[in-house]
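Colleague: I am new to this structure and should be grateful for a close look at a single part of it. Please set out the details in a connected way.

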Amino acid sequence: MSDTLTTDVTDEHTDHHPSDRHYVNIAIALALITGLEVGTYYLDLPSVALLIVLFVLMGIKFFLVASQFMHLKFDSAILSRIFYGGLFLAVIVYTVALSTFRLFNLF
Amino acid sequence: MTEIGLTPAEAQAAALEQASGARIAATEADGHITSTGLTNEKLGMWVFLGSECLLFGGLISTYLLYKHNNQAGGPLPHELYDIPFTSISSFVLLMSSLTMVLAVGAAARGDGPKLRTWLLTTALLGSVFISGQVYEFQSFVKEGMGFTTNSASSAFYTLTGFHGVHVTVGIIMLISVAVLSWRGRIPKERAESVEIVGLYWHFVDVVWIIIFTVVYLIK
């Protein structure tokens with residue numbers, strides 16, 4: 001019984017592991033997006049357009065690392081809820097806090 | 001008597017022994033299994049990372065509030081940024097996430113030599129990032145922006161310094177795991193230990209992804 005449980009846990013972990021090639025492709029995508037971000041910095045874009053482009057690129061990078069490298073895509077859904085829940089809570093709390101200081105009037 | 005020929009007392013004793021054996025095996029393999037099917041260690045790390053989102057959220061918010069505040073005089077952080085240099089540092093940290101995930105894969109396969117190679121490569125890339133941060137801080141101080149020069153500089157050094165401390169702790173963890181692996185203490189059954197360290201490392205990377213955009217690239 002104990003041997004069976006040990007084997008099951010290990011096999012489940014191994015099965016959910018994508019190949020090294022998959023991770024290399026993700027890393028290449030991350031490097032390209034970083035290049036795009038830096039390139040955008042030097043473009044003479046209006047502030048709002050720059051903000052939108054940079055935040056979208058940042059979001060894609062964040063999601064790629066969290067879902068692929070941190071295995072959220074392959075792991076139990078409860079982990080995604082804990083992490084994205086904490087992140088969502090942080091974004092809401094600090095957006096409200098910054099609004100009270102009229103930070104967004106600066107843009 | 002039960003249908004398999006045991007008295008109720010014997011059946012209960014057998015069930016207890018079976019459950020105990022399962023718990024011991026689970027503990028040896030992956031730590032204590034919780035009712036969620038996850039180990040306490042992994043669940044604990046994710047809860048910790050969720051709370052870290054709030055910590056770094058607070059530090060980033062403070063920087064955003066004070067980034068234009070130089071009432072005390074002196075240069076502001078964004079006047080001194082060297083974007084090409086910081087971009088290379090960011091690239092190095094991103095690539096360290098790749099080597100980390102390759103280390104986790106090697107641990108899952110029970111490939112000790114590759115595990116140690118990728119762990120030490122990750123630690124090396126992290127050290128390069130930290131060296132870059134030390135160089136950046138030194139050049140900022142030479143330009144006249146110290147920790148207490150103005151509110152913006154204090155917020156900047158606190159945010160990036162906290163992140164640097166997290167990276168340094170990660171490097172220590174990586175080297176520790178590499179040493180444990182060298183001593184044969186990280187068999188395939190304990191691959192989750194490497195995965196948990198990897199989660200911390202990737203989190204440090206995603207935090208930098210946010211800092212690089214919000215602090216450095218947004219003008």
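Which residues in H4(B) meet which residues in H5(B)?

Modeller: Please bear in mind that this is a predicted model. The two elements in your request are helix H4 of chain B, residues 83–109, and helix H5 of chain B, residues 112–142. Their axes come within 8 Å and cross at roughly 165°. Angles over 145 degrees count as roughly antiparallel, and H4(B) is therefore roughly antiparallel to H5(B). The crossing of these two helices is left-handed.

On the side of H4(B), the residues that take part are B:Ser89, B:Val92, B:Leu93, B:Met95, B:Ser96, B:Thr99, B:Met100, B:Leu102, B:Ala103, B:Ala106 and B:Ala107. They meet B:Lys114, B:Leu115, B:Trp118, B:Leu119, B:Thr121, B:Thr122, B:Leu125, B:Gly126, B:Val128, B:Phe129 and B:Gly132 in H5(B). Sorted by class, this contact has 14 nonpolar residues, seven polar ones and one charged one.

H4 of chain B also takes part in packing with the other chain. The buried residues of H3(A) pack against H4 and helix H7 (191–217) of chain B, together with H2 and H4 of chain A. Those buried residues are A:Leu54, A:Met58, A:Lys61, A:Val65, A:Ala66, A:Gln68 and A:Phe69. H3(A) itself has 23 residues, which at 1.5 Å a residue should span 33 Å; the end C-alpha atoms are 32 Å apart, in agreement with that expectation. Just after H3(A), A:His71 takes a positive phi of about 65°.

The setting in chain A can be described briefly. Chain A has four helices and zero strands, and along the sequence its pattern reads α-α-α-α. Of its 107 residues, 22% are buried.

Finally, there is the contact between the two chains. Here 43 residues of chain A are in contact with 47 residues of chain B. On the side of chain A, the elements that give two or more residues are helix H1 (2–15), helix H2 (20–42), helix H3 (47–69) and helix H4 (77–100). H4(A) provides the largest share of that side, with twelve residues. By class, the side of chain A that touches chain B divides into 30 nonpolar, ten polar and three charged residues.

Notes
Residues are numbered from 1 along each chain as its sequence is written. Chains are lettered from A and ligands numbered from 1 in the order in which they are written. This is a predicted model: local features need pLDDT of at least 70, side-chain atom pairs count only at pLDDT 80 or more; totals for chains, interfaces and linings use all residues. Axes are lines fitted to C-alpha atoms, for helices over the stretch in contact, and angles run from 0 to 180 degrees between N-to-C directions. Angles under 35 degrees count as roughly parallel, over 145 as roughly antiparallel, 65 to 115 as roughly perpendicular and the rest as oblique. A crossing is left-handed if the near helix is turned anticlockwise from the far one by less than a right angle, and right-handed if clockwise. Two residues are in contact if their C-beta atoms, placed from the backbone, lie within 7 Å. Ala, Val, Leu, Ile, Met, Phe, Trp, Tyr, Cys and Pro count as nonpolar, Asp, Glu, Lys and Arg as charged, and the others, Gly among them, as polar. The expected span of a helix is 1.5 Å times one less than its number of residues. A residue is buried if 20 or more other C-beta atoms lie within 10 Å of its own, exposed if 12 or fewer, and partly exposed in between; C-beta atoms are placed from the backbone.
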